[in-house]
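Biologist: Hi! Could you walk me through this model, pockets and helices included?

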Amino acid sequence: MDNNKSRLIWGMIALIWLTLMISLYYVFHKPITSELAYHFTRILKSLGVALGLISLCGGLGKRILSQTDVFNSTNPLALMAVESGLGIGLLALFVLVSGSTIGINPLWYWGSLLILGLLWRKAVIAWWRPLREIRILWENSTQWAKTLLIGTGLILLFTLTVAMAPPLAWDSLIYHLALPALYQRMGRIVFVSWSFFGGMPQTAEMLYTWALVLAGAEAATLLGWCIGVVSILGLAGYVYGHFGARAGVVAVVSLLSGYTLASSLSWGYVDWLTLLLGLGLLTSLEAWVYTERKPALLVAGALAGTGLATKYTTGVLAIAGIVLIVWEGIRVRRSRPILAQVLLFGAVVILISLPWWIKNALATGNPFYPFFIPSGAMDRFRLSFYSLSPWADWKDAALLPVMATLTGIEGKEGYSASIGPLLLGLGIWALLGKNERASVEKMAISLAAKVAITGLIIWIIAGRISGMLIQSRLYFSLFGLFAVLAGAGFKALEQVQFPGLRVGRVAGALVTLVFGLSVFAIAHDTLKQGAPQWLFGVMSEKDYKTSNLGWYFAAMWAIQDLPEDARVLMLWEPRGYYCLPKCIPDEIIDRWKHDRMSFGDTDAILDEWRTEGFTHVLYHRYAAVNFVKITDHRYSATDWSTLEELLSRLPPPMDIGGVYLLYSLKP
């Protein structure tokens with residue numbers, strides 16, 4: 001036997017021996033238990049479904065846009081965002097129609113995901129291909145910009161960890177995930193008659209339904225995270241293509257320096273989708289301005305229509321789009337086709353959003369339910385109760401960008417979001433040195449500014465109509481445009497020099513400081529929530545929910561322990577996700593006031609509740625006594641005394657930490 005054969009044999013024996021020893025070792029030493037293996041499998045399944053759905057959306061958009069060459073000069077990452085926004089809108093309509101007719105069946109949705117993925121596989125692969133541009137962006141970035149990109153990666157990693165864990169965010173537990181969970185339980189997408197939010201447009205919730213049916217709520221929050229990542233890539237690509245790598249990085253950092261913007265990546269909300277659609281609208285309208293071709297205008301209309309079909313306030317994109325079309329028509333003195341272009345754009349907006357109006361009209365007679373017209377569950381009293389008086393005064397309105405930046409705090413009254421200082425701090429300098437800029441830069445700034453300013457004017461007016469409409473989160477569709485202007489503003493500051501002082505270098509240091517604090521805040525919250533501990537199986541799901549949701553989750557646990565036929569009316573608690581289908585949440589915190597005004601005394605109220613089939617009442621005593629009673633002057637002393645009288649007539653309640661009281665309604 002020659003030496004080569006001998007070495008081969010002994011090499012094979014060595015590998016077999018090593019494999020045998022390792023295998024036998026782990027028979028007796030198990031690093032991953034069966035429970036932990038199931039835990040990781042569930043997480044990977046959720047992530048796989050989320051990636052599959054965003055890929056399907058992108059692939060559909062790629063197939064559609066491959067039929068035209070109007071986007072040939074668009075940055076690949078920016079085009080990736082346009083394609084995904086287009087696909088999201090169309091696939092959401094697919095879920096609405098199929099879920100309303102065929103019903104919700106896991107086999108149907110698995111089959112749809114796999115078959116469509118197979119049919120569109122080339123388009124899906126082509127949609128992913130622009131990710132190579134990230135390497136180009138990295139290579140063209142300075143060491144400082146690379147440091148900011150690493151920080152961006154950390155924020156995405158931390159928020160991914162939270163998105164993988166059970167959902168906790170307020171509005172997700174009220175409706176973003178609660179409605180998909182209800183559809184799953186009912187086996188069909190129907191109009192939820194008791195829900196205020198059931199009449200809202202639900203583009204994102206349709207895709208969340210698909211994800212939730214296949215792999216649970218975590219798949220839905222992960223899909224929301226994926227949409228946010230595509231938005232960030234689209235923003236980076238757009239600004240990089242127009243203003244260079246450093247400006248592209250600063251645009252992203254300006255956005256993620258806002259606590260609400262960064263942390264909401266993991267919430268399972270719809271706001272990052274609206275931001276994606278705003279960027280897509282800008283990109284599409286720019287292509288239309290340059291090419292003067294109809295397909296670009298059709299895509300812009302489809303994205304604006306998807307925005308309206310996602311959130312009513314995202315209708316600002318449709319209005320801003322019309323303003324921009326008229327402006328550009330006048331600028332180039334094409335007065336005759338302006339009306340035709342506006343009508344074409346508007347027709348596509350209406351066509352894409354029309355199914356939601358039809359759904360509401362068929363269910364309640366009001367296409368714009370739950371607003372404007374008393375209908376369905378929204379009578380005149382509830383409409384009036386929901387409409388808050390204007391926020392602050394006209395001084396606040398005149399300084400809205402400043403006030404939203406400085407006084408907006410996540411979860412607090414008013415602007416109710418922390419948007420960071422860089423969008424405004426850098427964005428106002430976008431026009432600095434305008435004459436020295438390249439024509440492509442001038443056009444990008446001009447288009448972004450026109451859409452953003454139109455949106456700001458609408459925001460100001462809306463805030464004077466209702467205090468609810470002052471919230472920054474309602475207008476996140478504009479924030480991608482603000483970020484574009486911030487990137488342009490930073491580039492302008494880099495060109496400003498004084499003897500012995502480089503303004504750009506100082507601005508860069510300030511950007512680093514602000515963004516570093518944002519990375520720290522997101523890291524701190526992620527660790528405080530215990531998301532990494534849950535991810536690695538150190539903390540159980542129940543402990544994770546209890547740790548973060550406190551007595552609320554204990555109350556939900558108590559409701560789930562009630563008999564199957566139990567039906568619980570909730571007072572001053574709007575979050576129903578974890579007690580569905582047994583509970584009817586107090587979604588807009590008006591149930592007690594409404595019933596007191598409608599039925600009068602305690603006997604009539606109790607009779608009504610029992611007639612409606614309620615067997616229990618969950619009273620969020622802490623919120624009612626410590627917040628509503630003190631701050632909401634729409635409640636009178638009679639309202640509170642009648643409540644105490646009614647509760648005193650019921651059997652002694654289950655006391656849940658002194659925060660919630662669970663009463664039985666049995667006579």
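Modeller: Happy to, starting with a term: on a 1 Å grid over the protein atoms alone, a pocket is an open set of points where a 1.4 Å probe fits, with protein on both sides within 12 Å along at least five of seven lines, and lining residues have an atom within 4 Å of a point. This is a predicted model: local features need pLDDT of at least 70, side-chain atom pairs count only at pLDDT 80 or more, and totals for chains, interfaces and linings use all residues. Residues are numbered from 1 along each chain as its sequence is written, and side-chain values use heavy atoms, without hydrogens and water.

Biologist: Which residues lie nearest the centre of the second largest pocket?

Modeller: G427, A452, I453, L456 and L485, out of 24 lining residues.

Biologist: And which helix gives the largest share of that lining?

Modeller: α22, with nine residues. Helices here are DSSP runs (H or I, at least four residues), numbered from the N terminus.

Biologist: Changing topic, how do α14 and α15 cross?

Modeller: The axes of α14 (271-291) and α15 (294-308) come within 8 Å and cross at roughly 160°. Axes are lines fitted to C-alpha atoms, over the stretch in contact, and angles run from 0 to 180 degrees between N-to-C directions. So α14 is roughly antiparallel to α15, a word used for angles over 145 degrees.

Biologist: What is the mean pLDDT of the protein?

Modeller: It is 93, and 99% of residues reach 70 or more; pLDDT is the predictor's confidence in each residue, from 0 to 100. Among the elements, helix α10 (203-215) has the highest mean, 98.

Definitions and conventions
Helix = DSSP H or I, 4+ residues; strand = E, 2+ residues; numbered from the N terminus. Parallel < 35°, antiparallel > 145°, perpendicular 65-115°, else oblique.
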